[in-house]
Amino acid sequence: MQLLAGGLVIQAADIGGLRGGDMAFAIISFLVLLALLKKFAWGPLMNKMEERENHIANEIDTAEKNRAEAEKAAREANEQLKATRQEAQQIIEDAKKAGTEQERAIIEAANEAAARIKKSAEEDIAREKEKAVEALQAQVATLSVQIATKVIEKEINAEDQEQLISEYIKEVGEEQ
C-alpha cells in the first residue's frame with residue numbers, strides 16, 4: 001500500500017489490478033470478436049433483413065397491383081352491367097313497339113275482314129232481294145195471266161172478279 005499526501009490511500013494494482021497487457025489482449029479480442037461478428041453474423045443478419053424488406057416490399061407491390069386490378073375489374077363489371085341493363089331496356093322497348101305494331105296490324109286486319117264480310121253480306125242480300133223481286137214479278141205475271149185467262153173464259157161481273165182475285169192471292173200465299 002502506498003500513502004499519499006493528504007492521507008489518501010491508493011492501493012496498488014499489482015495483484016488483481018489492471019495490467020496493460022491484459023487490457024491490450026482484451027481490446028484485441030474484442031476487436032477480433034467484432035470483426036468475426038461483422039463477417040459471420042452481422043452481414044448475414046443484414047442480408048436476411050434486406051431480403052425480408054424486399055419480400056415485404058414485393059408483397060405490398062403485389063397487393064397494390066391486385067387492388068388496382070380488382071378496382072379495374074369492378075369498374076368493368078359495373079360498365080358491363082350498365083350496358084346489359086341498357087340492352088335489356090332497349091329489348092323491352094323494341095318488344096313494346098313490336099307489340100303495338102302487331103296490335104295495330106291485327107286490328108286493321110280485323111277491320112278489313114269485317115268490311116269484307118259486311119260487303120259480302122250486303123251483296124248476298126242484294127242478290128237475294130233481286131231473286132225475290134224476280135220471283136215475285138214472275139208470280140205476279142203468272143197470276144195476271146191466270147186471272148186474265150179466267151176472266152176471258154168467263155165473263156164475270158165486278159164482284160165475281162174481286163172474289164176470283166182474292167182466291168188466287170190466297171192460292172199464291174199457300175203455295176209459298
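1. An unreviewed UniProt entry annotates residues 22-42 as "transmembrane region". UniProt positions are given in the numbering used here, feature names are shortened, and annotations may be inferred rather than shown by experiment.

2. Keep in mind that this is a predicted model, where local features need pLDDT of at least 70, side-chain atom pairs count only at pLDDT 80 or more, and totals for chains, interfaces and linings use all residues. Residues are numbered from 1 along each chain as its sequence is written, and side-chain values use heavy atoms, with hydrogens and water left out.

3. How confident is the predictor? pLDDT is its confidence in each residue, from 0 to 100. The chain averages a pLDDT of 83, and 85% of the residues score at least 70. Over residues 1-6, though, the pLDDT is below 50, and this stretch has 8 contacts in the model beyond near neighbours in sequence (a contact means heavy atoms within 4.5 Å). Residues 8-14 are also below 50, with 10 contacts beyond near neighbours in sequence.

4. Now the overall layout. The chain has 2 helices and 2 strands, and along the sequence they follow the pattern β-β-α-α. Of its 176 residues, 3% count as buried. Buried means under 20% relative accessible area, exposed over 50%, and partly exposed in between (1.4 Å probe, protein chains only). The chain exposes about 15,800 Å², and carbon and sulfur atoms supply 59% of that. Accessible areas come from the Shrake-Rupley method with a 1.4 Å probe; for residues, only the protein chains shown count as cover.

5. Which residues form a nonpolar patch on the surface? They are Ile27, Phe30, Leu31, Leu33, Leu34 and Leu37, with about 580 Å² of accessible area together. Ile27 lies in helix H1, which spans residues 20-153. Patches are made of residues with over 30% relative accessible area and no salt bridge: like charges are joined within 9 Å, nonpolar side chains (Val, Leu, Ile, Met, Phe, Trp, Tyr) within 5 Å.

6. How many salt bridges does the structure hold? There are 6, a salt bridge being a side-chain nitrogen of Lys or Arg within 4 Å of a carboxyl oxygen of Asp or Glu. One of them pairs Glu51 with Lys48, with the closest N and O atoms 4.0 Å apart. Both lie in helix H1, 3 residues apart, about one turn of the helix. Glu51 is partly exposed at 49% relative accessible area, while Lys48 is exposed at 55%.

7. Glu108 and Arg104 make another salt bridge, at 3.2 Å between the closest N and O atoms. They sit 4 residues apart in helix H1, about one turn, and Glu108 is partly exposed at 39%. Glu128 and Lys131 also meet in a salt bridge (3.8 Å, N to O). Finally, salt bridges that share partners join Glu64, Arg67 and Glu71 into one network.

Conventions: pLDDT = per-residue confidence, 0-100.
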